[in-house]
Amino acid sequence: MVLDDLANVQPLHHAAGITLQWLTRGTGGDLNAALRGLTLPEADRFVWFSSESAEASAARTYLRDERGFGRMETSISGFWSAGSAGSD
């Protein structure tokens, strides 16, 4: 998850085996770089990725084309476009 400042981290309850990674803008908080840095399993896997539209598209290409993830192994959504009105 990307935040403006780590002081904004909120406790999130999650199931065992789920890893949360907090990133901050301005200090290398690049979601796709973080995704590429993960060790992902070869089976019994699922990635949920939500971000700006271009970032989501890059994540989809990486996971599906480079890592061989199927459509049922991912949920990837781009919720806004950088530079669009109201996206700041």
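**The salt bridges and their setting**

Modeller: The protein has 2 helices and 4 strands. Both are DSSP runs, numbered from the N terminus: helices are H or I with at least four residues, strands are E with at least two. In sequence order the pattern is β-β-α-β-α-β. This is a predicted model, in which local features need pLDDT of at least 70 and side-chain atom pairs count only at pLDDT 80 or more, while totals for chains, interfaces and linings use all residues. Residues are numbered from 1 along each chain as its sequence is written, and side-chain values use heavy atoms, with hydrogens and water left out.

The C-alpha trace spans about 35 × 30 × 20 Å along its principal axes. Of the 88 residues in the protein, 23% are buried; buried means under 20% relative accessible area, exposed means over 50%, and partly exposed is in between, with a 1.4 Å probe and protein chains only.

Now the salt bridges themselves. A salt bridge here is a side-chain nitrogen of Lys or Arg within 4 Å of a carboxyl oxygen of Asp or Glu, and by this rule the count comes to 3.

One of them joins the side chains of Arg-36 and Glu-66, with 3.1 Å from N to O. Arg-36 lies in helix α1 and Glu-66 in helix α2 (residues 53-66), so this pair ties together parts that are 30 residues apart in sequence. Arg-36 has a relative accessible area of 45% and is therefore partly exposed. Glu-66 is also partly exposed, because its value is 48%.

Another salt bridge is made by Arg-67 and Glu-42, whose closest N and O atoms are 3.7 Å apart. Arg-67 lies in the loop between α2 and β4 (74-80), and Glu-42 in the loop between α1 and β3, so the pair ties together parts that are 25 residues apart in sequence. Arg-67 has a relative accessible area of 22% and so counts as partly exposed. Glu-42 is exposed, because its relative accessibility is 64%.

The remaining pair to describe is Arg-45 with Glu-73, at 3.0 Å from N to O. Arg-45 sits in the loop between α1 and β3 and Glu-73 in the loop between α2 and β4, so that distant parts of the chain, 28 residues apart, are linked. Arg-45 counts as buried, because its relative accessible area is 14%.

One more residue in the loop between α1 (31-37) and β3 (47-52) deserves a word, namely Asp-44. Asp-44 is not a glycine, yet has a positive phi of about 50 degrees. Most residues other than glycine have a negative phi. At 81% relative accessibility, Asp-44 is exposed.

Helix α1 also holds Leu-35. Leu-35 is buried, because its relative accessibility is 5%. Leaving out residues up to four places away in sequence, Leu-35 touches Val-47, Phe-49, Ala-59, Tyr-62 and Leu-63; contact means heavy atoms within 4.5 Å. Leu-35 and Ala-59 are 24 residues apart in sequence, with their C-alpha atoms 7.7 Å apart in space. For the protein, among contacts with a separation of 6 or more, 41% are between residues 24 or more positions apart.

Elsewhere the surface has a nonpolar patch. Met-1, Leu-12, Ile-18 and Leu-20 make this patch, of about 330 Å². Patches are built from residues with over 30% relative accessible area and no salt bridge, joining like charges within 9 Å and nonpolar side chains (Val, Leu, Ile, Met, Phe, Trp, Tyr) within 5 Å. Areas come from the Shrake-Rupley method with a 1.4 Å probe, and for residues only the protein chains shown count as cover. Leu-12 lies in the loop between β1 (2-3) and β2 (23-24), and Leu-20 is found in the loop between β1 and β2. Leu-12 is partly exposed, at 37% relative accessibility, and Leu-20 is partly exposed at 33%. Beyond its neighbours within four places in sequence, Leu-20 is in contact with Met-1, Leu-12 and His-14.
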